[in-house]
Amino acid sequence: LCKIPDMVKRAKELNMPAVAITDHGNMYGVIYLYKEAVAQGIKPILGCEVYMTRGSRFEKKTKERLCHLILLAKDNKGYHNLIKIVSKGFVDGENNYHKPRVDYDLLEQYHEGLIAMSACIEGHIQQDILNHNEEGAKRTLDRLGSIFGKDDFYLEVQNHGIPEEKTVRTVFKRWSQEYGLKLVATNDYHYIDPSDAAAQEVKLCISTGSTLDDPSHFRFYNNEFYMKSGDEMADLFADMP
């Protein structure tokens with residue numbers, strides 16, 4: 001529901017030096033974000049929240065739980081590599097549900113110039129933790145760490161009031177100390193202001209072919225998925241400043 005001009009304007013109002021775009025699976029908005037951020041005097045950060053498969057992107061599976069990974073371009077080389085990863089996700093990896101899928105081979109081939117973050121609780125590492133498979137989570141952690149290196153890989157912690165996030169935060173906080181990995185606190189925002197939550201729910205109904213009257217319609221866990229200020233984020237993560 002975020003309109004790019006409004007999003008950049010709000011970031012500027014909050015005295016943020018930069019604003020990123022990490023749409024799911026695609027880069028349709030990056031040029032618009034780049035131009036608008038430059039015009040308003042804010043640094044644009046171009047990225048994508050890719051859909052990861054545990055296997056090969058060439059395997060067309062009918063049922064597969066795709067996980068998320070954040071990729072950010074830190075330079076021009078990274079931007080071009082991100083384009084390659086996302087494009088090949090569509091060309092080679094699109095599944096029966098029309099989602100582009102990225103595999104680890106693509107990351108190994110095109111990782112130069114990219115920063116990776118472990119994403120929300122839908123990330124591979126987080127899903128293994130929540131499924132009581134900490135050893136599997138560590139294997140994925142090692143793989144991502146070996147691809148991007150300690151300087152360009154971050155464990156991502158979130159706090160939208162979702163219980164599973166607290167579980168992940170506890171593990172990530174311990175791992176950051178044990179393995180010397182960097183933490184980054186993030187907030188998913190799909191709308192700019194808290195008052196936009198109702199409109200976002202309507203939009204989700206439209207995109208999923210459902211209605212508000214359907215008790216099973218897809219919705220967010222709560223109304224915390226808005227663009228938060230630095231002070232709000234500092235309060236949410238006061239235990240890990």
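Residues are termed buried under 20% relative accessible area, exposed over 50% and partly exposed in between, with a 1.4 Å probe and protein chains only. The structure is a predicted model, in which local features need pLDDT of at least 70 and side-chain atom pairs count only at pLDDT 80 or more, whereas totals for chains, interfaces and linings use all residues. Side-chain values use heavy atoms, with hydrogens and water left out, and residues are numbered from 1 along each chain as its sequence is written.

At 0% relative accessibility, Trp175 counts as buried, while Tyr179 counts as partly exposed at 31%. Both residues lie in helix H7 (residues 163-179), four residues apart, about one turn of the helix; helices (H or I, at least four residues) and strands (E, at least two) are DSSP runs numbered from the N terminus. Three aromatic pairs are present in the structure. Rings of Phe, Tyr and Trp (its six-membered ring) pair if their centres lie within 6.5 Å, with planes under 30 degrees apart counted as stacked, over 60 as edge-to-face and the rest as tilted. The ring centres of Trp175 and Tyr179 are 6.3 Å apart with the planes at 65 degrees, so this pair is edge-to-face. Phe172, Trp175 and Tyr179 form one aromatic cluster.

A nonpolar core is a set of buried Ala, Val, Leu, Ile, Met, Phe, Trp, Tyr and Cys residues joined through side-chain atoms within 4.5 Å. The largest such core has 57 residues, of which Val19, Leu71, Leu107, Ile125, Phe148 and Trp175 touch the most other members. Helix H6 (residues 134-148) provides the largest share of this core, five residues. A second, separate core of five residues includes Ile70, Ile115, Met117 and Ala119.

Ile125 also belongs to the lining of the largest cavity, together with Met52, His68, Leu69, Tyr104, Ser118, Gly123, His124, Gln126 and Leu144. On a 1 Å grid over the protein atoms alone, a cavity is a set of points where a 1.4 Å probe fits but cannot get out, and a pocket is an open set with protein on both sides within 12 Å along at least five of seven lines; lining residues have an atom within 4 Å of a point. The largest cavity holds about 60 Å³ of space, a volume being the space filled by probe spheres set on the points, which are joined across faces, edges and corners. Helix H5 (124-130) and S3 each give two or more residues to this lining, and H5 supplies the largest share, three residues.
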